[in-house]
Amino acid sequence: MLEPFFHWRQATGIQVLANSPLSARLCTGVKCVSSVLNMAPTCLQPLLRYRSFAILFLTPLLLLPLPLTVPTREARCAYVIIIMAVYWCTEVMPLAVTSLMPVVFFPLLGVQTSKKVCLQYLNNTNMLFFGGLIVAISVEQWNLHKRIALRVLLILGVKPALLMLGFMAVTAFLSMWISNTATTAMMVPIVQAVLDQLDSTENDVTLVEQASGQTNTVIELEEKITSESTAVHVVSNEQVTDDPKSSEEKKMRKRICKGMTLCVCYAASIGGTATLTGTGPNVVLKGQMNQLYPNNNDVVNFASWFGFAFPNMVLMLVLAWLWLQCSFMGLNFKKSWGFGTEKTAKEKAAYSVLKAEMKKLGPMSYAEFNILLLFVLLVLLWFSRNPGFVKGWAARLFPGGEKYITDSVPAVFIALLLFILPAHKPKCKAWNPSMSDPEQTEEDKKKPFLSAPLLDWNVVQRKMPWSIVLLLGGGFALADASANSGLSAWMGHQMTPLGSIPPWSIATVIALITAVITECTSNVATATLFLPIFSSLAESIKIHPLYIMLPATLSASFAFMLPVATPPNAIVFSYGHIHVLDMVKAGIVMNMIAVCCVTLAINTWGRPMFELDTFPAWANSTRNQ
């Protein structure tokens with residue numbers, strides 16, 4: 001929904017001007033709401049006006065018979081979960097505030113002790129997410145992500161097809177490590193600058209061609225010494241024949257603008273699925289696997305997730321690129337790829353824009369170089385901790401390290417280094433004052449050896465999405481209470497008849513359902529609500545829990561159809577190039593592509609990677625408990 005985007009905008013200090021496209025859209029939305037209220041029947045108007053109030057107070061009252069008529073822990077746990085689900089879907093309260101409800105109501109209703117509930121809000125998985133976010137904030141703080149994006153775009157080139165591919169590849173790569181919202185907010189202005197330059201250059205070229213054409217016509221007419229009436233007739237004919245071409249070019253420019261902006265938000269959502277910390281639902285799966293199956297042998301870690309999700313992300317990205325090319329630009333390879341052609345004036349102008357943006361960044365600073373090294377070190381530590389086919393550094397360097405060390409350890413370690421290492425190169429000073437550099441001023445001599453660190457806590461406090469951290473914690477508290485109260489076992493027993501359906505069809509249907517629901521609710525809330533239910537389903541029909549939970553987790557990020565579905569969509573929509581119908585048309589096909597890719601992944605390389613053909617002992621033992 002749009003509310004997380006507004007919280008993010010306030011946290012990062014981004015202002016929306018009164019005459020901006022997003023402001024206009026919001027004003028239009030307010031007018032639409034007021035018109036709906038006026039058009040509604042008289043009896044329904046008070047209900048619509050007090051919708052939030054009614055949902056807040058009527059939902060608990062209407063559901064109250066459940067714990068009263070069924071006085072069990074399972075019913076009391078279900079009572080709280082259903083209320084939270086309604087609040088999450090309708091957003092009558094901020095998502096983070098709703099996530100705090102288990103701290104109050106689980107102890108009061110005797111579902112779970114307060115100590116156990118509170119421990120879920122900053123557990124191992126949340127610390128992994130927290131450490132990854134701190135590293136992402138440091139990358140944003142020093143504009144390293146923008147330097148990477150511009151460098152890749154300059155390498156790939158500015159032919160239409162390559163330019164879109166470059167935008168998508170850069171956005172997807174950055175979304176693997178930093179938030180989808182921040183990536184989109186950084187990339188869309190670059191896309192807009194390139195599109196503006198293309199338009200202005202094309203207008204200049206058109207004016208030059210028209211002036212040249214008119215001059216040639218006048219010369220020819222003077223040589224032939226024709227009458228004035230004939231000259232007027234010829235000029236008018238030329239203008240008439242040029243109009244359809246000009247209107248066609250304008251339509252094509254609009255379609256290119258739509259495709260170029262849509263590709264950014266789609267690539268951001270797709271790229272976030274490739275890494276364990278790339279987006280919220282992935283972290284929810286990791287946490288709930290540890291919560292529901294504590295003896296799962298760390299089956300979902302950074303390396304295993306990347307090995308499964310990264311090929312799927314590449315496949316989805318290529319298919320999405322082909323779909324957007326086909327629907328907005330056409331598959332004219334000679335025109336799009338520029339085979340056997342020279343750079344046009346528009347392409348040269350676009351290239352000059354990218355070079356100008358790169359020049360503004362200046363040479364790579366000492367801080368950027370340090371952050372790049374720390375970022376690469378973090379990725380290497382994640383991959384080599386427990387690669388699976390050989391012993392990782394955790395087991396080799398530390399006795400019993402495979403039991404004690406998880407992916408959160410390197411994440412927090414690198415985060416600590418960001419607050420220690422200096423942002424500027426230290427200057428060595430001589431101990432003997434007589435040997436010191438005479439060019440040093442008194443101020444230089446008084447400066448400390450180490451400058452300010454790479455990251456300041458005030459920056460982290462301002463940019464950290466604390467609401468997501470609380471939302472994850474609330475989800476883990478729900479999963480833990482659902483398992484310990486017996487609610488998960490009861491739901492699994494009710495779904496036993498589904499065992500007669502082929503597992504691949506169950507996984508496909510679940511992916512479709514999740515992809516539809518996530519268009520209307522937060523992707524983290526969707527994963528939080530449904531993953532415990534899907535794990536119970538897997539246990540009841542005796543299939544590997546990941547066979548169902550993996551497609552559901554990935555599909556929770558496939559919000560392609562509506563501007564309000566995810567913050568990247570809202571950011572792209574606010575620039576005014578696309579309409580809701582454009583996003584719906586492109587998004588329907590994108591959802592089908594995504595679900596097909598996930599189904600293919602889970603039934604091909606996913607099977608041997610996670611041993612999905614077997615029902616694991618750790619799931620069976622948990623079920624029997």
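## Aromatic pairs

Phe610 has a relative accessible area of 5% and is therefore buried. This value, like the others in this report, comes from a predicted model. Across the whole structure, a search gives 16 aromatic pairs. One of them joins Phe308 and Phe610: the ring centres are 5.8 Å apart and the planes stand at 70°, so the pair is edge-to-face. Phe308 has a relative accessibility of 0% and so counts as buried.

Trp393 and Phe398 make another edge-to-face pair, at 6.4 Å centre to centre and with 75° between the planes. Trp393 is buried because its relative accessible area, 16%, falls under the 20% limit. Phe398, at 41% relative accessibility, counts as partly exposed. Ring pairs also link a cluster of residues, made up of Phe173, Trp177, Phe302, Phe306, Phe310, Phe375, Trp382 and Phe383.

## Salt bridges around Arg385

Side chains of opposite charge can pair when their charged atoms come close. The search of the whole structure finds eight salt bridges. In one of them Asp298 is bridged to Arg385, and the closest N and O atoms are 2.6 Å apart. This pair connects distant parts of the chain: Asp298 is in the loop between helix H15 (280-292) and H16, Arg385 is in helix H19 (residues 366-385), and they are 87 residues apart. Asp298 is partly exposed, with a relative accessible area of 22%, whereas Arg385 is buried at 4%.

Arg385 also forms a salt bridge with Asp407, where the closest N and O atoms are 2.8 Å apart. Here too the partners come from distant parts of the chain, Arg385 from helix H19 and Asp407 from the loop between helix H21 (401-404) and helix H22 (408-418), 22 residues apart. Arg385 and Asp407 are both buried.

Another salt bridge joins the side chains of Asp613 and Arg607, at 2.1 Å from N to O. Asp613 counts as exposed, with 59% relative accessibility. Arg607 has a relative accessible area of 24% and is partly exposed. Elsewhere, salt bridges with shared partners bring Lys286, Asp298, Arg385 and Asp407 together in one network.

## The loop between H15 and H16

Which residue other than glycine has a phi near 60°? That residue is Asn297, and its phi is positive. Asn297 sits in the loop between H15 and H16 and counts as exposed because its relative accessibility is 66%.

Asp298 is in the loop between H15 and H16 as well. Its phi is also positive, about 55°, although Asp298 is not a glycine. Asp298 is the residue whose side chain bridges to Arg385.

## A nonpolar surface patch

Leu58, Leu61, Leu62, Leu64 and Leu68 make up a nonpolar patch on the surface. Their accessible area together is about 520 Å². Helix H4 (residues 51-63) supplies the largest share of the patch, three residues.

Leu68 is located in helix H5 (residues 65-69). Is Leu68 buried or exposed? It counts as exposed, because its relative accessibility is 62% and the limit for that class is over 50%.

## Cysteines

How many disulfides does a search of the whole structure find? It finds zero. Cys89 is in no disulfide, and the nearest cysteine sulfur, belonging to Cys520, is 8.6 Å away. A disulfide would need the two sulfur atoms within 2.5 Å.

Cys89 counts as partly exposed at 38% relative accessibility. Cys118 also counts as partly exposed, with a relative accessibility of 40%.

Terms used
Residues numbered from 1 in each chain as written. Predicted model: local features only at pLDDT ≥ 70, side-chain atom pairs only at ≥ 80, totals over all residues. Heavy atoms only, no water. Patch = residues over 30% accessible without salt bridge, like charges linked within 9 Å, V, L, I, M, F, W, Y side chains within 5 Å. Areas by Shrake-Rupley, 256 points an atom, 1.4 Å probe, with all protein chains shown as cover. Salt bridge = Lys/Arg side-chain N within 4 Å of Asp/Glu carboxyl O. Helix = DSSP H or I, 4+ residues; strand = E, 2+ residues; numbered from the N terminus. Buried < 20%, exposed > 50% of the residue type's maximum accessible area, 1.4 Å probe, protein only. Phe/Tyr/Trp six-rings, centres within 6.5 Å; stacked < 30°, edge-to-face > 60°.
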